[in-house]
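Take a walk through this structure.

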Amino acid sequence: MKYKIGFIGCGNMASAMIGGIVRRNILKPQEIIASNRSEGKLKAIQEECGIDVTLDNLAVASEAEMIVLAVKPVFYEQVIKEIKKDVKKSQIIITIAPGIDMDRIRYLFGQEMRIVRTMPNTPAMVCEGMTAACYNEAVSEEEIQEVCKILDGFGKTELIPEHLMDAVVAVSGSSPAYIYMLIEAMADAAVAQGMQRAQAYRFASQAVLGSAKMVLETGKHPGELKDMVCSPGGTTIAAVMELEKTGFRSSIMEAMRVCAEKCRE
């Protein structure tokens, strides 16, 4: 049987991608297959989404038109060595690993391949992911559009040049962790003011969600939106002054710089 897409590895990111693709009817469950070392994760995704599953990576490699390498970066060489004899040039290889470029993937396969390098993030689990994608010259315009349609199944996708992929890891791939820290800190402060913790998380989370939506839907500069909240002599500008004093923005920028440099390593 031939599948439209196959996932080698079925961890959190792959499960999020599969869930979005199925929920939004981008592909039918019978067009998707996934493999994994853990049978438990396979059973869970099969029950949730109705896809085909296997413990055999070679079954995915030989049967899927598109192959998503959804294992940790440290296992890429091992997995490619295992499957490369069963992979054909007509198949599309989709990677989701930071720090592994398309030249490295081609080298590991030992032949020219259709390669699409992507960087999704974990909000894909709620169909609000942001994915960057780039592709090599072996991939046609029609093929990359088809891949992007699938990636859009769990959020939004933008094509970028490969040299920006490290920046994407910092601003999108890893950034949910920064946002969760911000939400946690905001909630802790609200708890200190007497609010119940569960309620504090709801208020902080909705504030972040709404603020992001304002940036995306109004098209206004974030600085302009900030100024709209800062009344003269008011509470917000006092808070902003304290954030500036403690290096709020410089801390974020420095963290992203370190993240991108780690990716380049």
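Searching the whole of this predicted model turns up 17 salt bridges. One of them joins Arg-104 to Glu-77, with 3.4 Å between the closest N and O atoms. Arg-104 sits in helix H5 and Glu-77 in helix H4 (residues 76–83), so this pair ties together parts that are 27 residues apart in sequence. Arg-104 is partly exposed, at 34% relative accessibility. Glu-77 is also partly exposed, at 48%.

A second pair is Arg-197 and Asp-188, whose closest N and O atoms are 2.7 Å apart. Arg-197 is partly exposed at 36%, and Asp-188 is partly exposed at 34%.

Helix H12 (residues 248–264) holds both Arg-257 and Glu-261, 4 residues apart, about one turn of the helix. Their side chains form a salt bridge of 2.8 Å, N to O. Arg-257 has 38% relative accessibility and counts as partly exposed; Glu-261, at 37%, counts as partly exposed too. Elsewhere, salt bridges link Lys-4, Glu-65 and Glu-146 in a network.

Now the sheet. It is open, with 8 strands in the order S3-S2-S1-S4-S5-S6-S7-S8 and mixed pairing. Strands S3 (52–54) and S8 (155–159) stand at the edges. Each has a single partner strand, so one side of each lacks a neighbour in the sheet. From one strand to the next, the twist averages 25°. S2 (residues 32–35) pairs with S3 in the parallel sense, over 3 bridges. There, Ser-35 stands opposite Thr-54 in S3.

Helix H5 (residues 102–109) packs on the sheet, touching S5, S6 and S7, and its direction makes about 135° with that of S6. Helix H7 (residues 165–173) also packs on the sheet, touching S6 and S7, at about 35° to the direction of S6.

Technical notes:
Residues numbered from 1 in each chain as written. Predicted model: local features only at pLDDT ≥ 70, side-chain atom pairs only at ≥ 80, totals over all residues. Heavy atoms only, no water. Pairing = 2+ DSSP bridges. Helix = DSSP H or I, 4+ residues; strand = E, 2+ residues; numbered from the N terminus. Axes fitted to C-alpha atoms, helices over the stretch in contact; angles between N-to-C directions. Contact = heavy atoms within 4.5 Å. Salt bridge = Lys/Arg side-chain N within 4 Å of Asp/Glu carboxyl O. Buried < 20%, exposed > 50% of the residue type's maximum accessible area, 1.4 Å probe, protein only.
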